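Reader: Could you take me through one part of this protein at close range? I would enjoy a careful tour.

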Amino acid sequence: MLRHIRADHDARTLTVYQAYAPAVAEAALQAGRFVPPFSFRRMTWIKPSFRWLMHRSNWAQKPGQQRILAVRITRYGWEEALSRAVLTTSEPSAVAVAAVHVQWDPERSLRGAPLNHYSIQVGIGRDLIRTYADEWVVGLTDLTDRVRKIATLLQSGRAAQAQRLLPPERPYEVPRAIAERLGIDG
């Protein structure tokens with residue numbers, strides 16, 4: 001399948017990953033939820049693909065992306081976001097007013113090479129940020145040490161050991177209407 005959602009999920013929740021500056025991550029972890037200096041005034045991008053975020057954050061080494069959080073959200077919230085989403089390739093006028101943006105980027109191998117299928121990125125807009133942070137998020141876990149361990153294993157040529165430390169991801173089915181609108185293969 002070219003475009004499908006793979007995620008760590010259970011009957012009630014789904015995990016997305018985000019990379020933050022240390023101050024944002026530390027405040028959120030201490031409070032058990034997103035609080036300032038987390039910005040409630042700009043779009044926040046959530047990604048169910050751990051490997052894609054590792055590519056984007058360079059294994060937690062990019063400035064402002066040194067801390068990796070696993071964000072557990074309700075399936076209701078995830079599907080609510082998807083139901084309000086517009087593809088970033090849609091008409092510019094539709095994208096400009098959309099509460100949620102979706103884009104598809106090449107999924108990444110453990111070493112960051114693009115694969116021949118796509119991973120979903122979901123941008124939660126300013127109008128839904130508080131709902132995301134206060135109602136949909138049910139847990140935050142700091143994965144930074146695990147990320148660093150995986151990166152060290154990869155750098156030392158121990159890819160098989162690194163692979164075993166990746167969070168699980170399996171197909172996530174969405175309602176047909178959402179799948180058709182967002183180009184998700186069924």
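Which residue takes a positive phi just after α6?

Author: Happy to! That residue is G157, with a phi of about 80°. A word on the source: this is a predicted model, where local features need pLDDT of at least 70, side-chain atom pairs count only at pLDDT 80 or more, and totals for chains, interfaces and linings use all residues. Residues are numbered from 1 along each chain as its sequence is written, and side-chain values use heavy atoms, with hydrogens and water left out.

Now to α6 itself, residues 144-155. Helices (H or I, at least four residues) and strands (E, at least two) are DSSP runs, numbered from the N terminus. The 12 residues of α6 reach 16 Å from first C-alpha to last, close to the expected 16 Å (1.5 Å times one less than the number of residues).

Buried in α6 are T144, V147, I150, A151, L153 and L154 (buried means under 20% relative accessible area, with a 1.4 Å probe and protein chains only). Their cover includes α2 (50-57), β4 (67-74), β8 (137-142) and α7 (159-164), where contact means heavy atoms within 4.5 Å.

Two of those neighbours, β4 and β8, belong to an open antiparallel sheet of five strands, ordered β8-β4-β2-β1-β9 (strands pair if DSSP finds at least two bridges between them). β8 and β9 (170-172) stand at the edges with a single partner strand each, so one side of each lacks a neighbour in the sheet. Five bridges join β4 to β8, and V71 stands opposite L140 in β8.

How values were computed
Buried < 20%, exposed > 50% of the residue type's maximum accessible area, 1.4 Å probe, protein only.
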